[in-house]
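I opened my notebook to look up a few features of one structure.

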Amino acid sequence: MDAGRAGAPARGPVRVALFGFGRVGRRMAALLARRDGVEVVAVISRSLAGQPARSHVPELPAGIVIVPDAARALAAAHPDVVLHATVPTLDEAAGQITEVVRARAHVISTCEELAYPWVVHRDIAEALDREAGQAGVSVLGTGVNPGFVFDALVLEVLSPRWHPTVVAVSRVTDASGFGPAVRDRLGLGLVPAAFEQRISSGGIAGHIGFRESMDMIAAALGTEVQRFEESIKPLIADRAEDGLAQGTAAGLVQRAIGTCGGGLRFDFRLSLHVRPQLLGLEVLDSVSIEDGGATHEIQVRPASPPVETAAAQVVNAIPHILAAEPGLRTRLDFGAPTPWMALPRAVARKGLGPAL
């Protein structure tokens, strides 16, 4: 490990690399450019290789050229932290994250299944934890959901409760800003028969991460998810909408039910549509807790925007990951990430970032 991570005196800005430069990656880059104590030193993306990073995010320093090869970029730039935003499944992301860890950089990833992988993906979780521990760095999965709406926000609402029996979360999202890759993954633009066929074949994943959010909350409550069921239904456009033909899927409703020991039940629902107002849907996040015969509810209005919230969660977590113990961490290991104007003293004391 380098001298900075071994506890040497502060040595200037924390060096940050971006692994993935889609909409979330670019938003993270723009946020970093407005913060003191950090410096973007590399951008990794196969699809945008060879292009100046500044052509996508004007606030970035001149001279950063997007590169396709992670190993070469990491070796040349020596980042302290890598913000990873490429794929939602851990099977796909694990190799990329391991490569970063072996380069002795901390990782904060938007990979949904990394948020709490200790149940469904225990083997991968244990391997990542071992690799990170050996390298002396930390790994964290966070974002908007998982990372906030379906887990961290729920835990805050649960904090003054005593015996919750039902945890219900509803999220309504405006999908009009989603890019082609995400729309395809959600099955938008498909006729009903093709949508159902792709559901049956596993070609439509919908939102990935409901199970991980439930597992995280259950672990915090000292129980575990014993049964999990999930369903996805299309919302069919009755007119041409946002580039989608009439009679095709313009959105979907995804629901997940989880039951735990001790009588606790989860009921999670995500509704997304390219024009939710046409269906009378308010863009809203809602958490409802049934406890002792009473119902307690909190709402976020309008709902947390997907790209902006995910990017902010990752960037805000940088001080936490720098101060964390090595290994695979989850949101249960930290307090709530908050916006920072400059890196806190706790980070500077570890030899990263300027002292305040």
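Where does R104 lie? I found R104 in the loop between α3 and β4 (106-109). I noted first that this is a predicted model.

**Entry: backbone at R104**
I looked up phi for R104. The value is near 65°, which is positive, and R104 is not a glycine. R104 has a relative accessible area of 34%.

**Entry: backbone at D242**
I turned to D242. Its phi is also positive, at about 55°, and D242 is not a glycine either. I located D242 in the loop between β7 (225-236) and β8 (249-260). Is D242 buried, exposed or partly exposed? I read a relative accessible area of 28%, so D242 is partly exposed.

**Entry: cis peptide bonds**
I checked the bond from N145 to P146. That peptide bond is cis, with omega near 0°. P146 sits in the loop between β5 (138-141) and α5 (152-158). I then checked the bond from R301 to P302. It is cis too, with omega near -5°. I placed P302 in the loop between β11 (294-300) and α9.

**Entry: α3 and α4**
How do α3 and α4 run relative to each other? I looked up the axes of α3 and helix α4 (residues 122-135). They come within 10 Å and cross at roughly 10°. An angle under 35 degrees counts as roughly parallel, so α3 is roughly parallel to α4. Next I listed who meets whom. On the α3 side I noted residues including L90, A94, I97 and V101. On the α4 side I noted I124, L128 and A132, among others. I sorted the contact residues by class: eight are nonpolar, one is polar and three are charged.

**Entry: the largest pocket**
I looked up the volume of the largest pocket. It is about 1,300 Å³. The lining has 50 residues, and the closest to the pocket centre are V24, A85, T86, V182 and R185. Which element gives the largest share of the lining? I found that α6 does, with five residues. Elements that each supply at least two lining residues include α1 (23-33), α3 (90-102), β6 (164-174) and α6 (180-186). I wrote down 25 nonpolar, 17 polar and eight charged residues.

Technical notes: Residues numbered from 1 in each chain as written. Predicted model: local features only at pLDDT ≥ 70, side-chain atom pairs only at ≥ 80, totals over all residues. Heavy atoms only, no water. 1 Å grid on protein atoms, 1.4 Å probe; cavity = no way out; pocket = protein on both sides within 12 Å on 5 of 7 lines; lining within 4 Å. Points joined across faces, edges and corners; volume = space filled by probe spheres on them. Helix = DSSP H or I, 4+ residues; strand = E, 2+ residues; numbered from the N terminus. Nonpolar A, V, L, I, M, F, W, Y, C, P; charged D, E, K, R; others polar. Axes fitted to C-alpha atoms, helices over the stretch in contact; angles between N-to-C directions. Parallel < 35°, antiparallel > 145°, perpendicular 65-115°, else oblique. Contact = heavy atoms within 4.5 Å. Buried < 20%, exposed > 50% of the residue type's maximum accessible area, 1.4 Å probe, protein only.
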